[in-house]
Each structure stands twice: as C-alpha cells, then as structure tokens.
Amino acid sequence: EESLRKGLVQLRSTMKAAIDSLASAIEIRDPYTAGHQERVTRLARAIAVEMGLGEERVEAIEIAGIVHDLGKLYVPAEILSKPTKLTDLEYAMIKMHAQAGYTVLSKIDFPWPIAQIVHQHHELINGSGYPQGLSGKDILIEARILCVADVVEAMSSHRPYRPAVGIQAALDEITQKRGILYDREVVDACLMLFRKKNFKFE
C-alpha cells in the first residue's frame with residue numbers, strides 16, 4: 001500500500017512537471033505573455049478557494065490555468081507579437097487556440113476534465129463566446145472561473161498591440177458585465193479578493 005501511494009505521488013509529480021514544461025514552451029513562443037498563465041492560475045485558484053470549491057476542483061483549475069493557452073503554439077508567432085491592432089482574420093486565428101488546446105490535451109488521460117476546461121475558457125454566460133457558443137451552466141464552473149481570471153489579468157497587463165488599462169478598469173469590466181458575460185458568483189468572489197482581501201498580481 002505504501003509503495004502504491006509513493007507511486008501515485010511520483011506519477012502526479014511527473015505529470016505536473018510535464019505540464020510546467022508545456023507552459024514554458026508557450027511562453028518561449030509568446031514572450032509578451034510571459035507570466036500570464038502563472039498569474040491567471042494564481043487568481044483562478046484564489047477565486048475557486050473563495051467560492052469554497054473542493055480540493056479536486058481547485059487542483060483541476062490550477063492544471064488548466066497553467067496550460068490554458070497551449071493552443072497558441074499553433075498561432076503564427078508574428079500574429080502573437082504584432083505591435084498594431086489585429087485584423088479580423090488575425091483575431092480569428094488567435095481564437096482558434098481554445099480548440100487547438102483542446103485537441104492536444106484531449107489525448108492526455110487526466111483525472112480531471114482539463115481539455116474541456118481549456119476548450120471552454122473563452123465561453124461567455126450569454127452564449128456570445130467561442131469556440132462552441134455555450135451559455136450559462138453548460139459551461140463548466142472551472143472554465144467560468146478561468147474566464148474571469150483571464151480577462152482581469154489580460155486587461156491589467158501590457159500587450160504588443162495595446163497598453164495595459166489597469167486593474168481598476170478590469171474590475172469595472174467584470175462588474176458591469178456580471179451575469180451577462182461573466183458568472184455572478186465568480187465575479188463576486190474575484191471582487192472580494194481584490195477589494196477586501198488585498199489580492200495582487202506580483
């Protein structure tokens with residue numbers, strides 16, 4: 001029994017190391033978002049804990065957060081680092097990353113629905129997201145959390161094609177679209193972290 005336990009611990013450790021390697025590959029390809037996945041993961045985890053989700057779900061969110069942009073490996077590097085506004089075609093190519101990430105991750109037999117979470121992290125409550133146009137409770141709670149964390153981090157960080165708009169503007173965005181684009185409970189937990197519990201991106 002002890003040997004089996006140690007084997008499972010080792011397997012989990014190996015899997016996490018492999019996932020970290022995937023994350024490093026994404027950041028080498030897209031240096032402008034270096035640290036983005038890590039910051040999104042930290043915020044998503046904190047939101048999940050604030051909402052009282054169980055340990056297994058929190059762990060699933062951490063794993064999915066680390067690799068949520070894996071599909072960007074399939075987007076041409078010149079688009080990822082383009083210093084001017086993206087064209088509709090270029091934006092459409094970037095939007096393909098959720099599907100591409102799902103395709104890669106669905107081949108791995110995770111003990112959590114990692115591929116589905118990554119597939120759904122750009123879906124929105126009113127059905128206007130992508131790539132499947134899911135709405136409401138059809139979107140996994142883990143993906144709804146990752147979506148809010150991703151929006152808040154992205155808006156508060158610099159991108160090649162636009163300057164950072166700041167954390168306050170990001171929190172205003174999720175407040176105004178709470179229950180429209182973003183899950184109400186997730187937004188409330190996120191606002192609580194920033195406004196009452198002094199959460200900060202390092």
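1. Ala-44 is located in helix α2, which spans residues 36–50. In this predicted model, the relative accessible area of Ala-44 is 0%, so the residue is buried. Apart from neighbours within four places in sequence, the contacts of Ala-44 are Ile-61, Ile-145, Leu-146 and Ala-149.

2. Helix α8 comprises residues 141–155, and helix α10 comprises residues 184–195. Two packed helices are described by the angle between their axes and the distance between the axes. For α8 and α10, the angle is about 45° and the axes are 10 Å apart. The arrangement of α8 relative to α10 is therefore oblique, and the crossing of α8 past α10 is right-handed.

3. Which residues make the contact between α8 and α10? Helix α8 contributes Ile-141, Arg-144, Ile-145, Val-148 and Val-152, while α10 contributes Val-186, Val-187, Cys-190 and Phe-194. By class, the residues of this contact comprise 8 nonpolar and 1 charged, with no polar residue.

4. The model contains 3 aromatic pairs. In one of them, Phe-199 and Phe-201, the ring centres are 5.8 Å apart and the planes lie at 85°; the pair is edge-to-face because the angle between planes is over 60 degrees. Phe-194, Phe-199 and Phe-201 together form one aromatic cluster.

5. Is Phe-199 buried or exposed? Its relative accessibility is 11%, so Phe-199 counts as buried. Asn-198, by contrast, counts as exposed, because its relative accessibility is 57%.

6. Asn-198 belongs to the segment after α10. Its phi is near 55°, a positive value in a residue other than glycine.

7. A further backbone feature concerns a proline. Where does Pro-131 lie? Pro-131 is in the loop between α7 (114–120) and α8. The peptide bond leading from Tyr-130 to Pro-131 is cis, and its omega is near 5°.

Key
Residues numbered from 1 in each chain as written. Predicted model: local features only at pLDDT ≥ 70, side-chain atom pairs only at ≥ 80, totals over all residues. Heavy atoms only, no water. Axes fitted to C-alpha atoms, helices over the stretch in contact; angles between N-to-C directions. Helix = DSSP H or I, 4+ residues; strand = E, 2+ residues; numbered from the N terminus. Parallel < 35°, antiparallel > 145°, perpendicular 65-115°, else oblique. Left-handed = near helix turned anticlockwise from the far one by under 90°. Contact = heavy atoms within 4.5 Å. Nonpolar A, V, L, I, M, F, W, Y, C, P; charged D, E, K, R; others polar. Phe/Tyr/Trp six-rings, centres within 6.5 Å; stacked < 30°, edge-to-face > 60°. Buried < 20%, exposed > 50% of the residue type's maximum accessible area, 1.4 Å probe, protein only.
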